[in-house]
Amino acid sequence: MKKFLIALPVALAFGSAQAADIVDTAKSAGSFNTLVTAVQAAGLVDTLKGPGPFTVFAPTDAAFAKIPKAKLDALLKDKAALTKVLTYHVVPGSVKAADVKPGNVKTVEGSSVKVSASGGKVMVDNANVTKTDIVADNGVIHVIDTVIMPK
């Protein structure tokens with residue numbers, strides 16, 4: 001019974017009519033712990049729990065693990081740099097995969113990410129999109145396998 005109760009929020013966050021906000025959806029998924037920690041460290045929780053809508057290119061814990069530990073630790077302690085990196089992963093509006101068009105897309109950070117598609121594979125800058133259209137009540141999450149960095 002306990003396993004069922006633990007799995008229930010994930011099921012709710014990934015497809016029920018009662019979607020949670022982007023932060024709670026990411027928390028419930030269980031594979032975005034570093035992202036959630038970074039969002040908290042940057043003071044962006046209230047923003048990403050706000051009305052949005054937002055499209056978030058969300059790096060997994062494995063994506064964050066590709067960053068050398070010393071560099072990641074330094075980034076987590078530098079609120080301004082962390083905010084710049086995190087807001088580079090966010091696009092205003094709720095853009096589902098079917099509506100994504102290749103090209104440059106302006107981020108909340110202010111610069112643009114390059115979205116490309118080839119052979120059924122979609123990339124955002126140098127990150128592969130591994131899962132799309134995780135719906136939250138204030139936007140949508142697309143999972144990426146690499147943390148993207150603003151230029």
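**Briefing: fold, cores and backbone exceptions**

Asp125 sits in the loop that links strand E5 (121-124) to strand E6 (127-136). The model is predicted. The protein has 151 residues, of which 38% count as buried, and it contains 7 helices and 7 strands.

**Overall layout**

- Read from the N terminus, the order of elements is α-α-α-α-β-α-α-α-β-β-β-β-β-β.
- Among contacts in the protein with a separation of 6 or more, 61% join residues 24 or more positions apart.

**Packing of H6 and H7**

- Two packed helices are described by the angle between their axes and the distance between the axes.
- For helix H6 (residues 69-77) and helix H7 (residues 79-87), the axes come within 5 Å and the crossing angle is roughly 100 degrees.
- Angles of 65 to 115 degrees count as roughly perpendicular, and H6 and H7 are therefore roughly perpendicular to each other.
- On the H6 side the contact involves Leu75, Leu76 and Lys77, and on the H7 side Lys79, Ala81, Leu82 and Val85.
- By class, the residues of this contact of H6 with H7 are 5 nonpolar, 2 charged and no polar.

**Nonpolar cores**

- The largest nonpolar core holds 29 residues, and those touching the most other members are Leu35, Val39, Leu48, Val56 and Leu86.
- Helix H3 (residues 33-42) contributes the most to this core, with 5 residues.
- Beyond its neighbours within four places in sequence, Leu48 is in contact with Asp21, Ile22, Val23, Val39, Phe54, Val56, Val90 and Asn138.
- A second, separate core has 10 residues, including Phe57, Val115, Ala127 and Val129.

**Backbone exceptions**

- Most residues other than glycine have a negative phi, and most peptide bonds are trans.
- The bond from Gly52 to Pro53 is a cis peptide, with omega near 0 degrees.
- Pro53 is placed in the loop between helix H4 (45-48) and strand E1 (54-59).
- Asp125 is not a glycine, yet its phi is positive, near 50 degrees.
- With a relative accessible area of 19%, Asp125 is buried, because buried means under 20%.
- Asp133 also is not a glycine and has a positive phi, about 60 degrees.
- Asp133 belongs to strand E6, and its relative accessibility of 30% makes it partly exposed.

Key. Residues are numbered from 1 along each chain as its sequence is written. This is a predicted model: local features need pLDDT of at least 70, side-chain atom pairs count only at pLDDT 80 or more; totals for chains, interfaces and linings use all residues. Side-chain values use heavy atoms; hydrogens and water are left out. Helices (H or I, at least four residues) and strands (E, at least two) are DSSP runs, numbered from the N terminus. Buried means under 20% relative accessible area, exposed over 50%, partly exposed in between (1.4 Å probe, protein chains only). Contact means heavy atoms within 4.5 Å. Axes are lines fitted to C-alpha atoms, for helices over the stretch in contact, and angles run from 0 to 180 degrees between N-to-C directions. Angles under 35 degrees count as roughly parallel, over 145 as roughly antiparallel, 65 to 115 as roughly perpendicular and the rest as oblique. Ala, Val, Leu, Ile, Met, Phe, Trp, Tyr, Cys and Pro count as nonpolar, Asp, Glu, Lys and Arg as charged, and the others, Gly among them, as polar. A nonpolar core is a set of buried Ala, Val, Leu, Ile, Met, Phe, Trp, Tyr and Cys residues joined through side-chain atoms within 4.5 Å.
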